[in-house]
2 protein chains.
Amino acid sequence: MKDVIICIGRQYGSGGRFIGKLLAEKLNIPCYDKELLVEASNKSNINATVIEANDEAANSVVYSVFQNGMPINQQVFLAQFDAIREIANKGPCVIIGRCADYVLEDRDNVVSIFITAPIENRIKRAVEFYNLDTNKAIKAIKKVDKKRKDYYNYYTNRKWGDASNYDLTLNSKIGVDKCVDVICKYVESL
Amino acid sequence: MKDVIICIGRQYGSGGRFIGKLLAEKLNIPCYDKELLVEASNKSNINATVIEANDEAANSVVYSVFQNGMPINQQVFLAQFDAIREIANKGPCVIIGRCADYVLEDRDNVVSIFITAPIENRIKRAVEFYNLDTNKAIKAIKKVDKKRKDYYNYYTNRKWGDASNYDLTLNSKIGVDKCVDVICKYVESL
C-alpha cells in the first residue's frame, strides 16, 4: 500500500512500541511515539510538560480548567488529535497509541494494529527495559493498561484491545522481529 | 511449524469458516467444522441431532437432564472437548470455533486465530451465502455472535474476540485469500 499509515495500540510491556520502531526502520518511514507530544505542544499553546502529564489519560492529573471551560486533558487530546492529522498529511509513518486509529479512521491508507503478549513476557520486559522489580512491574502493567483502556474507550466509540477494532492483532510471543515480518507481509498484501 | 494445529474463532459472517477451509486446502491438512459434531457423536452416546442442536450453545436448548445429573449442553461440550483432543492427536489440522484454542491451550503446536469483519461486509456475506434478507442478516449476526460469545466465555476463562486471547486476529476486509496468505506467513515464521 502506498503512503501507508500504521497505527499501533499495545498492551504495556508487549513490545508494541519497539515493534513500531523496528517496522518504521524497515519501511524507512518515521515513527511517532513521544514525538507526538512535541508536535502537539508546538501546534497548541499547551506546555510540553502538561501534555506529557496528560498523555493517554482520560482523567486530568491537573484539575485546573482553562478559561474556555474545557478540562486540560480534553485540550491535550484535541492538541494530539490535530497533531496526528497533520502528521498523517505529511506522508507514510508509524504512530504509537493515542487513539490514532480512531482519529484517522476515515482514511483509506490506515492500517490499525494491536500488540499483546503473555503476562509473563510483559513482566519480564518491564523488569528488563524499565528497571522495575517484579511486583512493581505487575502493578505498572495493571495501571498503565487501565489508563490506556480508559483513554481509548473515553475518546472513541470502541473497546481497547477488542479484535473487531483492528485490522490485525498480534501476540508478540513469537518475537518482535517476526511480528515486524508478519506486519510487513500484511502491508505488502494491500 | 511442524504439525501445526490452527484454531479459528470468528464473528458470524466474517468469512472465518471459509478462510479456515482455504487455509487447510493450501496447507493440505484437514479442516474440522461441522465434522467435529460427527466425531463428538461417534465418541459419545449422544445423538448427532442433539449435538448439533447444542453446538456452541452455553444454554441447553433441550432442558432435559441426563441420568448423571449433567445438563445436555455440558455433555455436548465435553464430547466436543474429547473429539478436539483426539483430532489434535492425529496430526496437523484446522479447527473452526468450539473453544478449540482453549481446549488445546497447553500444546506448543497450536496457533489461535480470530477473524472479524466490518458489519456491512458481514451483512453482505450473510445475505449472499445464507440466503437471508438484510433485516434477518442483522438479527442473525447479533444472535449467533451472542451465542458464540456466551459459549466461549462460559466454558473458558477468557473473553471471546479479545485480542489478548489469540496469537493473531485479522479483519477479513482485505479479502479471504489475503487473509490466508498472512496466516501462512505467520505459520511459516514459527
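Me: Which residue in β5(A) does I113(A) stand opposite?
Reply: This is a predicted model. In it, strand β4 of chain A, residues 110-116, pairs with β5(A) in the parallel sense over four bridges. Across that pairing, the residue opposite I113(A) is L168(A).

Me: In what sense does β5(A) pair with strand β5 of chain B?
Reply: The two strands are joined over three bridges. Within this pairing, L168(A) stands opposite L170(B). The sense of the pairing is antiparallel.

Me: Which element gives the most to the side of chain B that touches chain A?
Reply: The contact takes 21 residues from chain B and 21 residues from chain A. On the chain B side, the elements that give two or more residues are β4, β5 and α8 of chain B. With five residues, the one that gives the most is α8(B).

Me: How many residues are in the largest nonpolar core?
Reply: Those with the most contacts inside this core are I95(A), I113(A), I95(B) and I113(B). One of them, I95(A), touches residues including I5(A), Y32(A), L36(A) and I84(A), leaving aside residues up to four places away in sequence. The number of residues in the largest nonpolar core is 94.

Notes: Residues are numbered from 1 along each chain as its sequence is written. Chains are lettered from A and ligands numbered from 1 in the order in which they are written. This is a predicted model: local features need pLDDT of at least 70, side-chain atom pairs count only at pLDDT 80 or more; totals for chains, interfaces and linings use all residues. A nonpolar core is a set of buried Ala, Val, Leu, Ile, Met, Phe, Trp, Tyr and Cys residues joined through C-beta atoms within 7 Å. A residue is buried if 20 or more other C-beta atoms lie within 10 Å of its own, exposed if 12 or fewer, and partly exposed in between; C-beta atoms are placed from the backbone. Two residues are in contact if their C-beta atoms, placed from the backbone, lie within 7 Å. Two strands pair if DSSP finds at least two bridges between them.
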